[in-house]
Amino acid sequence: MCLFRYDDDPEPEEPVPAGLLHVPVRPGTTEVVLRVFRTPLGERTAVGFTRPELLATALGPEQPWIRLSEPALRALTSPLGACRLTIDPTLTAPAVTRLPADTAGVAARAL
């Protein structure tokens, strides 16, 4: 713990500008579409990475991305209900996929 407080030191809970971020986008479209994620509690969140290596580690090397500033990312995602911004997440889960029609009945009968 630091014994001295300086005026330029932010409080731990204060948001600090993140600068330019590497933001994942959805592949396979003719336009760039930002990916919006969910927190473990289900809240929508925008995600940005400070380095492309961190993005590749979390989402895979094939994940396309663009560079956006933090204010631009917040402005684009807040109308979508993603008011939270997560920087450099380390844990991500794969997208949920539906079971094929023939195995869905088998899985339901097993329960």
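Is E53 buried, exposed or partly exposed? Hold that thought for a moment, everyone. What we have here is a predicted model, where local features need pLDDT of at least 70, side-chain atom pairs count only at pLDDT 80 or more, and totals for chains, interfaces and linings use all residues. Residues are numbered from 1 along each chain as its sequence is written, and side-chain values use heavy atoms, with hydrogens and water left out.

Back to E53: this residue is partly exposed, at a relative accessible area of 45%. By that I mean between the cut-offs for buried (under 20% relative accessible area) and exposed (over 50%), using a 1.4 Å probe and protein chains only. Its partner in a salt bridge is R51, with the closest N and O atoms 3.0 Å apart. A salt bridge here is a side-chain nitrogen of Lys or Arg within 4 Å of a carboxyl oxygen of Asp or Glu. R51 is partly exposed too, at 43%.

The structure holds three salt bridges, so let's visit the others. R84 pairs with E43 at 3.2 Å between the closest N and O atoms. This one links distant parts of the chain: R84 sits in strand β6 (residues 84–87), E43 in the loop between β3 (36–38) and β4 (44–48), 41 residues apart. Strands (E, at least two residues) and helices (H or I, at least four) are DSSP runs, numbered from the N terminus.

Finally, E70 and R74 meet at 2.9 Å, N to O. They are four residues apart in helix α2 (residues 70–77), which means about one helical turn separates them. E70 is buried at 8%, whereas R74 is partly exposed at 33%.
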